[in-house]
Structures are given as C-alpha cells and as structure tokens.
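Trainee: Could we go through this model together, starting with the terms and then turning to the details?
Mentor: Gladly; here is the entry.

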Amino acid sequence: MLSNADVRGIIKSRKRYQTRKAEISAERVLKEWARIAFADPRGLFESNGLPRSPCALDDDMAAAVESIEVRIAKNNHSATVKKYKLASKMSALDCLARYLGMLDGKDTIADEGEQTGVIVLPEVGEDTPLGADAPPHSEMGAQDAQEQTDEWEEDMDT
C-alpha cells in the first residue's frame, strides 16, 4: 500500500496537517532539547535549600522537569514537593550534538575541521508556528537553501 504514490501523498498531507495542528516545529523541538540540556538544577530550590513550588519554577526549568512527586498533608489543604526528576541531560545533549553534526558515525565528537554543513530552517513567525508559507525541508532545493543562508548572513551583518 505504501508503494502507491497516492497513498503516500495522503499520508504526507495528513502528517503535515497534524503537525500544524499540534504546533510542532523544528524550532520548538530544538528549544525544548536546549532547555533540558542546559537546565541548571539550582533553579529547583529556594535560597534556603528547600524545593521550590512547581508554580515558582521559570519556564526553562519547568520544561526540563520530567516528573514531580508531592506529599499531601493529612488535612488535604497543602502539598509539598517531595521529589523532582529532570529529563535526561545527556540524552538532550546527544540529540543536539547529532542535530548540529558534532558527532561522527562512531558517536564521538568530530574534528573541528570536519563541519558537516549548515542546516537551514524555514522562518517561523508568531502567527505561523510551522512557517506555513515555507516549503518543507524535503522540498527545499540546494539553490533555495543557499539563498536562505545568504539572506541570513546578510541579516547577521547588519
């Protein structure tokens, strides 16, 4: 069935629709990986060493928290944080390193001179989380990617 071009087209179209509806973008995934990878666990605690309330965590720290265990008081009117579990920092760093092309095929850091190239992501605006007007990566040709890179470099120079 997947060898049928029409079926593949329908599946591809459906995936794009679901991705847009869920507001999933490459930028959002990268941001979440970065939040986990660079989370500072000191942000989980007050200056007196007690755990902060989940409501008191900043957005970056809250994004890095995988789970929270709380203790409910016997009167059921208060709860205290018993345990925070952070998402795997090493996993997030590994994902970022792979995305950036820092690892060679043997899962070791590549030499500085062995840059694998630039990955150009479509621009995403506030109101278009997936850059609806931008073509998907697979449809972006080398010329388009080079033009986007040139525009980006020009913006960086100004």
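Mentor: A nonpolar core is a set of buried Ala, Val, Leu, Ile, Met, Phe, Trp, Tyr and Cys residues joined through side-chain atoms within 4.5 Å, where buried means under 20% relative accessible area, exposed over 50%, and partly exposed in between, with a 1.4 Å probe and protein chains only. This is a predicted model, in which local features need pLDDT of at least 70 and side-chain atom pairs count only at pLDDT 80 or more, while totals for chains, interfaces and linings use all residues. Residues are numbered from 1 along each chain as its sequence is written, and side-chain values use heavy atoms, with hydrogens and water left out.

Trainee: In what order do the elements of the protein run from the N terminus on?
Mentor: Helices (H or I, at least four residues) and strands (E, at least two) are taken as DSSP runs, numbered from the N terminus. On that basis the secondary structure comes to five helices and two strands. Read from the N terminus on, the elements run α-α-α-β-β-α-α.

Trainee: What share of the residues of the protein count as buried?
Mentor: Accessible areas come from the Shrake-Rupley method with a 1.4 Å probe, and for residues only the protein chains shown count as cover. The protein exposes about 12,300 Å², of which carbon and sulfur atoms supply 54%. Of its 158 residues, the share that counts as buried is 16%.

Trainee: Which element gives the largest share of the largest nonpolar core?
Mentor: The largest nonpolar core has 14 residues, and those with the most contacts inside it are Ile36, Leu44, Leu57, Met61, Val65 and Tyr84. Two or more residues each are given to this core by α2, α3 (59-64), β2 (79-86) and α4 (89-99). The largest share, three residues, comes from α2.

Trainee: With which residues is Val65 in contact, leaving aside its neighbours within four places in sequence?
Mentor: Contact means heavy atoms within 4.5 Å, and residues 24 or more positions apart account for 46% of the contacts in the protein with a separation of 6 or more. Val65 is among the residues with the most contacts inside the largest nonpolar core. Leaving aside its neighbours within four places in sequence, Val65 is in contact with Leu44, Leu57, Tyr84, Lys85 and Leu86.

Trainee: Is Arg35 buried or exposed?
Mentor: Arg35 is found in helix α2 (residues 26-37), and beyond its neighbours within four places in sequence it is in contact with Asp59, Asp60, Ala63 and Ala64. Because its relative accessibility is 17%, Arg35 counts as buried.

Trainee: By about how much of the helix are Asp94 and Arg98 separated?
Mentor: The side chains of Asp94 and Arg98 meet in a salt bridge (2.9 Å, N to O). Asp94 is partly exposed at 30% relative accessibility, and Arg98 is partly exposed too, with a relative accessible area of 44%. An α-helix has 3.6 residues a turn, so residues three or four places apart point the same way. Because they are four residues apart in helix α4, Asp94 and Arg98 are separated by about one helical turn.

Trainee: Which residues make the nonpolar surface patch of about 250 Å²?
Mentor: Patches are made of residues with over 30% relative accessible area and no salt bridge, like charges being joined within 9 Å and nonpolar side chains (Val, Leu, Ile, Met, Phe, Trp, Tyr) within 5 Å. Val70, placed in strand β1 (residues 65-72), is partly exposed with a relative accessible area of 45%. The patch is made by Ile68, Val70 and Ile72.

Key. A salt bridge is a side-chain nitrogen of Lys or Arg within 4 Å of a carboxyl oxygen of Asp or Glu.
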